[in-house]
Amino acid sequence: MKKTIITLFAAVIATAAQAKVWMPAIFDSGMVLQRETNVKLWGTADASKTVKVTTSWNGKTYLVKADKNGKWKVPVATPEAGGPYTVTVSDGEELCFDNVLIGEVWVCAGQSNMEMPMKGFPSQPIDNGNMDVLHSADPELHLFTAKRTSRVEPIDTITGKWAEAAPATVRNFSATAYYFGRELRRILNVPVGLIVTAWGGSSCEAWMDRENVKQFVHSGSPYQIPYKDSDIKSKNRQPTVLYNGMLHPVIGYGIRGAIWYQGEDNVPRYQDYAQQMKTMVTLWREKWEIGEFPFFYCQIAPYDYSRINWTVNSALLREQQLFAEKMIPNTGMAVLMDAGIEKGIHPPQKNIAGERLALLALAKTYGVEGIAAESARYKAMRVEGDAAILEFENDKMNLYGKDNTFTSELMEIAGEDRVFYPAKVELHKRKFLKVTSPNVAKPAAVRYAFKDWVSGDLFCDNLPLSSFRTDNWPVAERGAEKEKIEYDR
């Protein structure tokens, strides 16, 4: 009898706990809400119960009725940037969120180069990371990091907590995202909120839902769509699992845009990466229901992939990322050809990655004038005698090499025999590059930096030129190395 009473009492307590108004973890004290829009707040309560949401910036109360499953969602109007404010949510019992700021909110997603914190990885530091952490205190830069979560089906919340930028919090926060947010704060002078949802080694396929990823998963793919938890063989690479576990819980949260640093895991499956990116971005935009929000991404940095036993030239993946920039509206690619390291897949110059993403956002989203944000881009080739003449886009200040020269050690040229030779490069008529070799009498193709590991040596407006090729000839795979080094975390 005593056991029965205890059991009934526990059931009553559990029911009471479930009845309390609840909201996902992304809604919490310290959150930043996107300015000058209608942001959506949502959660659960008792079925058919009325929930009141009160916002201190205008003293307004919004009423919404939970549906038969207890779910509710309400749009809330936000003012110009400012704060701190409070948001109170009540269905009889109150949730009160304080230190709420109104400003600019960005989602920061990807794999380890987005996840890599300011403290670095073991034996892999961030350049000047310790001093930048020391000076990182900023009460108007708020940070949220989603805990690694892999799921076969979509879930409603993630584990994480909003925190103000300070040495203790920034040390463990994404370096790329931090440097991006720091530049937005300096230039816009409004509160900024950064939501990091990233997992090292994750595939692009992991960040799409089941319906959209099907076209990219076939019999030759190393990853298959899992249908139950026991089917997850690789928790960060299997299709859909990070979309379900780490993105779905924040979809709909008011944002300005997203930044993305991923691609290394897809090098062996480079062929359809541009289409995958387009499909993924289209999916995210459809689910967020706020239009074609800005989406800026990093081109993967050069690295010697033979060190991890991969035989595919990673320049082919960088090429796909170059294609994606033209395929996806309202996007931009931060080129990192000068910011890689030969023997490390996690470059330490994360300030370069974050700052170049910030340049794209500031120029293309916020309309800051007078800055260069997009790297020059190969446009066309023509042949004049024994020379290939290359034309570029976004090169208003003309291309130049290291030390302000007009040379490059990374240009190659081939004839119809498809044999490439090192080429001489000259600036031609102040607008074109003239590429020649004594071994090629009639040029047919030119390639620049089209290798795993290079250190880019052509620039325009202090931004590096992406690797590129003028041909579409097959690129031979190299032999595999004997020793395999674990590449990601």
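This is a predicted model: local features need pLDDT of at least 70, side-chain atom pairs count only at pLDDT 80 or more; totals for chains, interfaces and linings use all residues.
1. Residues are numbered from 1 along each chain as its sequence is written, and side-chain values use heavy atoms, with hydrogens and water left out.

2. Have a look at helix α5, residues 175-188. Helices here are DSSP runs (H or I, at least four residues), strands are E runs of at least two, and both are numbered from the N terminus. The expected span is 1.5 Å times one less than the number of residues.

3. Why call α5 largely enclosed by the rest of the structure? Because 12 of its 14 residues are buried. Buried means under 20% relative accessible area, with exposed over 50% and partly exposed in between (1.4 Å probe, protein chains only). The buried ones include Tyr178, Tyr179, Phe180 and Arg182.

4. Both ends of α5 deserve a glance. At its start, a side-chain oxygen of Ser174 reaches to within 3.1 Å of the backbone nitrogen of Ala177. Just after the helix, Asn189 takes a positive phi of about 55°.

5. Stay with Ser174 for a moment. Ser174 sits in the loop between α4 (167-170) and α5, and counts as buried at 2% relative accessibility. Its side chain also reaches the backbone oxygen of Met114 at 2.5 Å. That is a polar contact (a pair of N or O atoms within 3.5 Å; within protein, one must be able to donate a hydrogen and the other to accept it, and residues adjacent in sequence count only if both atoms are side-chain atoms). Leaving aside neighbours within four places in sequence, Ser174 is in contact (heavy atoms within 4.5 Å) with Met114, Glu115, Met116, Pro117 and Val196.

6. Which residues does Asp132 touch, leaving aside its neighbours within four places in sequence? They are Met118, Asp127, Tyr178, Tyr179 and Arg182. Asp132 itself is in helix α3 (residues 129-134) and is buried, at 13% relative accessible area.

7. Now helix α8, residues 273-288. Its 16 residues reach 22 Å from first C-alpha to last, close to the 22 Å expected. Among its buried residues are Tyr273, Trp284 and Trp288.

8. On to the largest pocket, with about 520 Å³ of space. Of its 25 lining residues, Trp42, Lys73, Asp156, His248 and Ile251 are the closest to its centre. A pocket is an open set of points on a 1 Å grid over the protein atoms alone, where a 1.4 Å probe fits, with protein on both sides within 12 Å along at least five of seven lines; lining residues have an atom within 4 Å of a point. Strand β2 gives the most to this lining, with 4 residues. By class, the lining has 10 nonpolar, 6 polar and 9 charged residues. Here Ala, Val, Leu, Ile, Met, Phe, Trp, Tyr, Cys and Pro count as nonpolar, Asp, Glu, Lys and Arg as charged, and the others, Gly among them, as polar.

9. Finally, the second largest pocket holds about 210 Å³. Its lining has 6 nonpolar, 2 polar and 3 charged residues, including Ile371, Glu374 and Cys460. The volumes are the space filled by probe spheres set on the points, which are joined across faces, edges and corners.
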